[in-house]
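Here is a quick tour of a ligand site and the pockets around it. Have the model open while you read.

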Amino acid sequence: MPIDPTLPYDDNNIFAKILRDEIPSNRVYEDEWAIAFHDINPQAEIHVLVIPRGRWVSWDDFSARAEAEEVAGFIRAVGNVARQLGLVEPGYRLLANIGQNGGQEVPHLHVHLFGGQALGRMIA
Ligand code: 5GP
């Protein structure tokens, strides 16, 4: 079920638990602002999720209320992950789902990073 991105942050969401290491994940990157780990149900050869350490439900509250330093830190982290995975030269895709029409299921901001293959059309 897609989430309502206008609801307050829920500290018991699955990505909050991954951040606190209460449930395992296959981490590929971490820094002061973000962590990245492989999606449990990959939709491409490479499918990594990049999430901020901060308590943000979606791109909406993050872009509206996060401090500039955190916004910059998160965006740089996404780029760092792609570079670290060697995806710049072959290319990759970023995707953020927001709310009902976006099909967002986890109420903690995440950017999907897809790569490792030709990714086809933007929307199937
Ligand atoms: P959304 O639809 O919210 O944009 O994407 C949520 C993503 O989180 C999905 O691609 C789903 O496979 C992934 N996911 C859900 N639960 C877990 C989990 O416990 N671990 C990992 N690694 N990924 C998860």
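## Ground rules

This is a predicted model, so to speak: local features need pLDDT of at least 70, side-chain atom pairs count only at pLDDT 80 or more, and totals for chains, interfaces and linings use all residues. Residues are numbered from 1 along each chain as its sequence is written, and side-chain values use heavy atoms, with hydrogens and water left out.

## Around the ligand

The ligand has 16 residues around it, and the closest are Asp39, Asn97, Glu105, His110 and His112; a residue counts as near if one of its heavy atoms lies within 4 Å. By class, this shell splits into seven nonpolar, seven polar and two charged residues. Here Ala, Val, Leu, Ile, Met, Phe, Trp, Tyr, Cys and Pro count as nonpolar, Asp, Glu, Lys and Arg as charged, and the others, Gly among them, as polar.

Helix H1 (14-19) and strand E2 (34-38) each put at least two residues into the shell, with H1 giving the most, three. Helices (H or I, at least four residues) and strands (E, at least two) are DSSP runs numbered from the N terminus.

## Contacts and burial

Oxygen atoms of the ligand pair up with protein atoms in several places. From Glu105, a polar backbone atom is 2.6 Å from a ligand oxygen. From Asn97, a polar side-chain atom lies 2.8 Å from one, and for Gly103 a backbone N or O atom is 3.1 Å away from one. The protein buries 81% of the 520 Å² that the ligand exposes when taken alone (Shrake-Rupley areas, 1.4 Å probe).

## The largest pocket

The ligand sits in the largest pocket, meaning that more than half of its atoms lie within 2 Å of the pocket's grid points. A pocket is an open set of points on a 1 Å grid over the protein atoms alone, where a 1.4 Å probe fits, with protein on both sides within 12 Å along at least five of seven lines; lining residues have an atom within 4 Å of a point.

This pocket holds about 500 Å³ of space. Of its 23 lining residues, Phe15, Asp39, Ile40, Leu49 and Val106 are closest to the centre. H1 gives the most to the lining, three residues.

## The second pocket

The second largest pocket has a volume of about 260 Å³. Its lining includes Gln43, Arg93, Asn97 and Phe114.

Definitions and conventions. A polar contact is a pair of N or O atoms within 3.5 Å; within protein, one must be able to donate a hydrogen and the other to accept it, and residues adjacent in sequence count only if both atoms are side-chain atoms. Grid points are joined across faces, edges and corners, and a volume is the space filled by probe spheres set on the points.
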